[in-house]
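Let's take a walk through a protein model together, going from strands to rings. Have a look at the picture first, and then we'll start with a pair of strands.

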Amino acid sequence: MTTDAAAAPDWEKRFRAPRVSLPDWAEDAPDRSLFVSNATGTYELYAWDRASGRQRQVTDRPNGTTDGVLTPDGEAVWWFSDTDGDEFGVWMRQPFGGGEDEPAAPGLAPSYPAGLAIGRDGSAVIGRSTDEDGTTVHLVRAPGAEPVEIYRHRESAGVGDLSHDGTLIALEHTEHGDAMHSALRVVRPDGSTVAELDDTEGGTKELGLSVLGFAPVAGDTRLLVGHQRRGRWEPMIWDPVTGTETPLPIDLPGDVGAEWYPDGSALLVEHEFEARSELWRYEPGADAPERVETPAGTVAGATARPDGTVEYLWSSAERPPLVRSTSGAVVLDPPGAKAPPSVPVEDAWVEGPGGRIHALVQKPATGEGPFPTVFEIHGGPTWHDSDAFASGPAAWVDHGFAVVRVNYRGSTGYGRAWTDALKHRVGLIELEDIAAVREWSVASGLADPERLVLAGGSWGGYLTLLGLGTQPDSWALGLAAVPVADYVTAYHDEMEALKAMDRTLLGGTPEEVPERFEASSPLTYVDAVRAPVYISAGVNDPRCPIRQVENYVDRLAARGAVHEVYRYDAGHGSLVVEERIKQVRLELEFALKHLGGGPVIGAAG
């Protein structure tokens, strides 16, 4: 392994380059900000006083920390403390300027988080999820005060937001049993209901709602809501007190989200379309939004500051991320070596069994195809790949591979029907789209049909194992990270919120619809797998638990199938940079060993 950082290969430098998230800022103290950075080699939370320029590391844990919130007055940081990435824990509280951590709600036992909203009076609304209780929501009236339960239901739910004056609490819930499409309820601090908004009509209609935020103005009860009434995500304004619904004339293709400007006079609109994103400003009552200029690529988050400028985290497949401002300044530029650029992404549109499929392609800057090709399949499944900087795909390109990323049915950003298409034939539908793009990649001359790699993490890891078993002649190699491997065991071991999602996707539990779980489980097809398989898994993973991975590995081993397994002490992925580099190196070495090719750049030997 290379020890001199300056002499390290570009693919390692991309992982090690210091990165920062979009800074969050305290509503009533906008000079106080909170962000995530990998500056120490592990992703942790940092406090930033913009007035003095001082930055301070807030958390320091072996497996990292990324979930944190500032109190509205900027006096304290709340951060979520789990155990080695298991996502099960409690909220801690630390003074903004530094000091001892203390439990923020000592009366609450550990749980999975289900939303958090902090009031200006020191109160907090805390959502929790456990296998025993389902979802509960608690009001803590002051730091250290005894929590009061204000909501409970077996199905998944979460805290959306708290109004400016703390008198209204917005909840998202799936009491109707459809975990893919939430309804909304606004309650008072005593738990009594103010208003309901439900586009599912009791679960008979597949339309979802989401909380985007209360108006940030005293006495203003308007709530910004995301809805799917026109076949895609878009915002509207709902006043739960008066019952008024105000549609917004933001007629942009693709999915549209929004948040309030700090004075409540306008909305900052985030628009995602065909794997790119852009920003707009809309003033309620206007005929149309106005464009906020950003470079071509992906905006991973944006926020409007009190002076009206917009800060946003931007990147493209070619260029690494930066926190920029519409004033022209780079807002937060961490010291240290910058990430080397990669190659730009190209679009491919392929006709598939459910409609046109969008795929993103990167290929080596030199050489002619056909290339050995990695199909890097995204997780979620309700997510999508975009024209954004990603160190993993860039590492494959550096080693002479083309990379294809498929926004299969189930992906977001292409309308509600595309996202909701997975029902009941889970996994098999996505693989139909991947197969269509695979055929295109070979026919176009991009991909070498003898050196095709199916790879992915989480849901992408699940599709990798399922694809190796159901399409055994299509793939030369499989690389599955934190996958679902045995769907029935995974269901019984995973966190409660994911059980609810699986019941929605498959139409019931393994006992109620055993044939669907069997048809969608990689374990069903494990004896048909011919390609060498590499699997990595976190031993503390609550999403794709380790026992079901071991069941699959035991079946591979029993018949002497070519495989390797790497287990690491973390949860659903790692927040430690060197651990991530190690995992990518092991994948590269496995692929080059079985496909042929040069050594891993930067590896010892």
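Start with β13 and strand β14 (residues 169–173), which pair in the antiparallel sense over 5 bridges. Two strands count as paired if DSSP finds at least two bridges between them, and the numbering of strands (E, at least two residues) and helices (H or I, at least four) follows DSSP runs from the N terminus. Across this pairing, Ala157 stands opposite His173 in β14.

A quick word on what you're looking at: this is a predicted model, where local features need pLDDT of at least 70 and side-chain atom pairs count only at pLDDT 80 or more, while totals for chains, interfaces and linings use all residues. Residues are numbered from 1 along each chain as its sequence is written, and side-chain values use heavy atoms, with hydrogens and water left out.

Now zoom out to the sheet. Its 4 strands come in the order β13-β14-β15-β16, forming an open sheet with antiparallel pairing. β13 (157–162) and β16 (193–197) each have a single partner strand, so one side of each is left without a neighbour in the sheet.

Next, hop to another stretch of strands. Strand β6 (residues 76–81) pairs with strand β7 (residues 90–95) in the antiparallel sense over 6 bridges, and Val77 has Gln94 in β7 as its bridge partner. β7 is also joined by 2 bridges to strand β8 (residues 102–103), again running antiparallel. Here Met92 has Pro103 in β8 as its bridge partner. The hairpin of β7 and β8 has 6 residues between the strands, and Gly98 takes a positive phi near 115° there.

What about the aromatic rings? Rings of Phe, Tyr and Trp (its six-membered ring) pair if their centres lie within 6.5 Å, with planes under 30 degrees apart called stacked, over 60 edge-to-face and the rest tilted. By this rule there are 13 aromatic pairs. Take Phe35 and Trp48: their ring centres are 6.4 Å apart and their planes at 85°, so the pair is edge-to-face. Phe35 lies in strand β2 (residues 29–37) and Trp48 in strand β3 (residues 44–49), so the pair ties together parts that are 13 residues apart in sequence.
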